[in-house]
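Please look through the sequence and the model shown here before reading on.

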Amino acid sequence: MNRIALLAWLAVILAIACKQGTAGEPLPTVATKPPAQGAPRSFAMGISSFPPALTQASYDATFALAASAGDVILIQRNVPWEEMLAGHPSGATVASTRRETQLAKQYGLRTFVAIDPTDPAQGRAQPASLPPDLAGAGFADPKVQQAFLTYARYIATNYQPDYLALGVEINSYQRAQPQDFERFVQLYHAAYAGVKSISPKTLVFPTFQLEEMQGLLPVDNPQPAQWFLVNRFLPDLDLFAVSTYPTTAYGSLDQLPPAYFAQIASYTDKPIAITSTGYPSQSSDPAATDAAQQQADYLQRVLDSAQPLSMAFVIWFVSQDPSSASDPALTPLQSMGLRAQDGAAKPAWDLWAATARRPWEPPAPTTTPVATP
């Protein structure tokens with residue numbers, strides 16, 4: 001899979017989704033959630049607000065789908081640098097915030113907001129979408145720091161999220177910019193304190209890219225493992241959160257080591273969370289006939305690991321195959337949804353929905369106490 005192309009396309013669609021909210025459109029009707037049945041699960045389940053089509057209705061529908069088979073909605077955002085430097089969000093940002101918080105409340109969903117300050121189209125080697133007067137700046141720049149801190153406080157104040165990622169796949173930035181990464185770490189600790197002073201119950205953390213964390217990427221030039229980076233965020237780390245897309249490093253599910261997820265517990269005593277994952281239901285090999293079942297088998301691996309590891313939550317990023325991903329480089333994304341483009345359930349969706357029907361009984365939340373300034 002062309003990971004850079006995939007990340008670039010994600011950046012585009014997420015930026016568009018950020019602008020979808022408008023105050024004038026009515027909220028959709030909430031469908032009745034199926035009754036709980038089966039043995040309790042200790043982990044929450046969720047999808048992202050990544051829409052299958054670039055319309056308001058499609059974006060709203062991701063909240064309905066998340067509520068029909070899960071507990072959490074992931075909202076991933078770049079930093080609106082110019083707005084934050086100006087000291088106030090734009091009308092579009094305010095409208096989007098208002099609509100998303102209304103949708104989450106209406107559907108009874110926990111919110112997970114991920115602030116993504118680096119550019120996936122550039123392999124996360126630089127901050128994303130900086131204004132022209134900040135071109136080439138890094139996290140040592142006072143204006144970049146100010147904007148990031150202001151946005152973190154805006155999210156904490158207006159979303160009061162259950163979970164907040166301050167940095168997405170941040171180990172990729174460390175690989176590309178090791179010195180500026182240290183400046184980001186300092187900024188992270190300041191943002192953590194600011195968020196906790198506003199919303200002390202929010203669980204705050206960065207996310208790490210698991211395949212790169214292990215030193216598996218790029219596959220043609222493996223790098224040293226990065227597990228040591230976790231310690232750079234202590235003690236201000238409420239979860240050890242990873243994104244994971246095994247097809248970026250392994251040719252088939254059979255190659256995935258048995259303890260692929262269990263190994264994470266060797267590097268942390270924090271609760272583990274999978275903040276983004278997926279697996280294609282179609283194969284580039286014309287002889288392959290079981291790709292949809294492979295997707296379900298991968299999901300089963302994830303769910304089988306979540307319970308014994310007492311994961312906080314599992315997020316499947318693409319809920320429904322998008323209608324917009326026509327680039328051949330994005331073939332895995334085209335089939336990564338739990339449901340097909342027409343909404344038909346895949347075997348992985350049936351497994352997901354059945355697991356989501358089990359009652360969620362989370363352990364008591366733990367946060368690091370932070371004194372109010």
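Ser243 is found in strand E7, where strands (E, at least two residues) and helices (H or I, at least four) are DSSP runs numbered from the N terminus. The model is a predicted one, in which local features need pLDDT of at least 70 and side-chain atom pairs count only at pLDDT 80 or more, while totals for chains, interfaces and linings use all residues. Residues are numbered from 1 along each chain as its sequence is written, and side-chain values use heavy atoms, with hydrogens and water left out.

**Strand E7**

- Ser243 is buried, with a relative accessible area of 2%; buried means under 20% relative accessible area, exposed means over 50%, and partly exposed lies in between (1.4 Å probe, protein chains only).
- Leaving out residues up to four places away in sequence, Ser243 touches Glu169, Phe208, Gln209, Leu210, Glu211, Thr275 and Ser276, a contact being heavy atoms within 4.5 Å.
- Phe240 also has its place in strand E7, which covers residues 240–244, and Phe240 counts as buried at 0% relative accessibility.
- Not counting residues up to four places away in sequence, the residues that Phe240 touches include Phe208, Met213, Trp227, Val230, Ile264 and Tyr267.
- Phe240 and Ala265 are 25 residues apart along the chain, and their C-alpha atoms are separated by 9.2 Å.

**Helix H5 and its partners**

- Helix H4 (residues 91–107) and helix H5 (residues 142–159) pack at an angle of about 40 degrees with their axes 10 Å apart, the axes being lines fitted to C-alpha atoms, for helices over the stretch in contact, and the angles running from 0 to 180 degrees between N-to-C directions.
- That angle makes H4 oblique to H5, because angles under 35 degrees count as roughly parallel, over 145 as roughly antiparallel, 65 to 115 as roughly perpendicular, and the rest as oblique.
- In the contact of these two helices, Thr93, Val94, Ser96, Thr97, Glu100 and Thr101 in H4 meet Tyr154, Asn158 and Tyr159 in H5.
- By class, the contact of H4 with H5 has three nonpolar, five polar and one charged residues, where Ala, Val, Leu, Ile, Met, Phe, Trp, Tyr, Cys and Pro count as nonpolar, Asp, Glu, Lys and Arg as charged, and the others, Gly among them, as polar.
- The axes of H5 and helix H7 (residues 178–198) come within 9 Å and cross at roughly 30 degrees, which makes H5 roughly parallel to H7.
- By class, the contact of H5 with H7 has ten nonpolar, four polar and one charged residues.

**Met84 in helix H3**

- Met84 is found in helix H3 (residues 81–86) and, at 2% relative accessibility, counts as buried.
- Apart from its neighbours within four places in sequence, Met84 is in contact with Pro89, Gln146, Ala147, Thr150 and Tyr151.
- The C-alpha atoms of Met84 and Tyr154 are separated by 9.0 Å, although the two residues are 70 residues apart along the chain.

**Helix H11**

- Ala348, Trp349, Leu351, Trp352, Ala353, Thr355 and Ala356 are buried in helix H11 (residues 347–357).
- What covers these buried residues includes strand E1 (44–48), helix H2 (56–68), helix H9 (291–306) and strand E9 (313–316).

**Confidence**

- The chain averages a pLDDT of 88, and 85% of the residues score at least 70, pLDDT being the predictor's confidence in each residue, from 0 to 100.
- Over residues 367–373 the pLDDT is below 50, and this stretch has 14 contacts in the model beyond near neighbours in sequence.
- Where pLDDT is low, the predicted coordinates should not be read in detail.
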